Amino acid sequence: MTLVEIRGGTARALGAQMAVRGDGSYCGYISGGCTEAAVAAEAIAAISKGTDRYLSLGEGSRFFNISLPCGGGITLAIHVVRDVRPLRQVLTALERRRRIALHYVPGTQTITAVKAPIGAVSSWSETAFLRVYRPNLRLVLCGRGIELEATTRVAMASEFEVFAFDQKSRDFDANMIDQETAVAVLFHDLDQELPWLEAGLRRKPFYIGALGSKRTHERRCQALRDLGYSPAETDRIKAPIGLFGPTRDANALALSVVAEVAQAFSVSQN
């Protein structure tokens with residue numbers, strides 16, 4: 001089932017999904033956890049009849065005893081899966097780190113896997129709902145010492161796909177950087193960080209950030225311009241790195257970096 005309409009506030013974004021089996025087991029969230037069991041029961045009823053249906057909860061719903069803490073309302077499209085091939089196509093595309101979408105047509109009760117249009121987000125298009133999927137956020141960390149260690153731990157706890165490299169790493173492949181990747185450079189040495197920044201600028205990830213003060217960043221940009229990079233390209237580098245101000249604590253820096261990457265990833269969906 002898919003969240004296809006939001007009225008007022010809600011805990012999940014448009015396109016949030018749950019999967020329910022006929023035996024009542026389910027996974028995924030379409031709210032803050034307060035309605036999932038009731039929604040699963042409705043899905044089981046749809047499975048038993050073999051027919052898709054809509055379900056409204058919260059504001060404007062016929063279920064007076066099910067309210068959403070946020071005070072809003074949602075509408076779910078419950079689709080009884082008859083052909084798993086589109087789902088397998090989605091999983092294959094995501095494994096290959098490609099954006100993809102499911103095109104759901106309520107009138108025919110069918111889903112089709114399609115290439116996600118550039119800039120597309122989960123939304124209605126005439127009489128169909130397009131549910132867009134994108135690969136997991138990948139974070140390439142380059143640095144050394146406690147800053148690299150702490151940021152790696154926090155990013156992994158946030159379920160990012162993390163690749164961490166220090167100055168001795170020899171297995172880095174610039175091809176791992178794609179449009180769903182963030183590059184965070186945590187060196188304290190301009191010469192050591194330049195190859196990593198160049199790789200990021202060439203591959204165009206959605207985020208590039210670098211450690212250091214504003215004065216350090218001025219020297220960094222000048223060094224890159226001396227190598228032939230334009231001001232427009234160096235402007236893509238976020239420095240000083242992090243969502244909140246300067247910090248001399250590695251754990252606070254790690255939180256700041258991971259939070260900024262997560263924010264940039266959310267914005268890049270649009």
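Select arginine 97 and glutamate 161 to begin: their side chains meet in a salt bridge, at 3.5 Å from N to O. A salt bridge here is a side-chain nitrogen of Lys or Arg within 4 Å of a carboxyl oxygen of Asp or Glu. Arginine 97 sits in the loop between helix 2 and strand 6 (100-105) and glutamate 161 in strand 11 (residues 161-165), so the pair ties together parts 64 residues apart in sequence. Helices (H or I, at least four residues) and strands (E, at least two) are DSSP runs, numbered from the N terminus.

This is a predicted model, in which local features need pLDDT of at least 70 and side-chain atom pairs count only at pLDDT 80 or more, while totals for chains, interfaces and linings use all residues. Residues are numbered from 1 along each chain as its sequence is written, and side-chain values use heavy atoms, with hydrogens and water left out.

Colour the two residues by accessibility. Arginine 97 is buried, with a relative accessible area of 16%, whereas glutamate 161 is partly exposed at 26%. Buried means under 20% relative accessible area, exposed over 50%, and partly exposed in between (1.4 Å probe, protein chains only).

Move to aspartate 52 and arginine 82, another salt bridge, with the closest N and O atoms 3.5 Å apart. Aspartate 52 is in the loop between helix 1 and strand 4 (53-58) and arginine 82 in the loop between strand 5 and helix 2, 30 residues apart. Aspartate 52 is buried at 11% relative accessibility; arginine 82 is partly exposed at 46%.

Now select valine 84, in the loop between strand 5 (73-78) and helix 2 (85-95). Valine 84 is partly exposed, at 38% relative accessibility.

Then select cysteine 34, in the loop between strand 3 (26-28) and helix 1 (36-49). Cysteine 34 is partly exposed at 42%, and its C-alpha is 38 Å from that of alanine 164, 130 residues away in sequence.

Finally, zoom out. The protein chain has 7 helices and 14 strands, and the structure holds 12 salt bridges.
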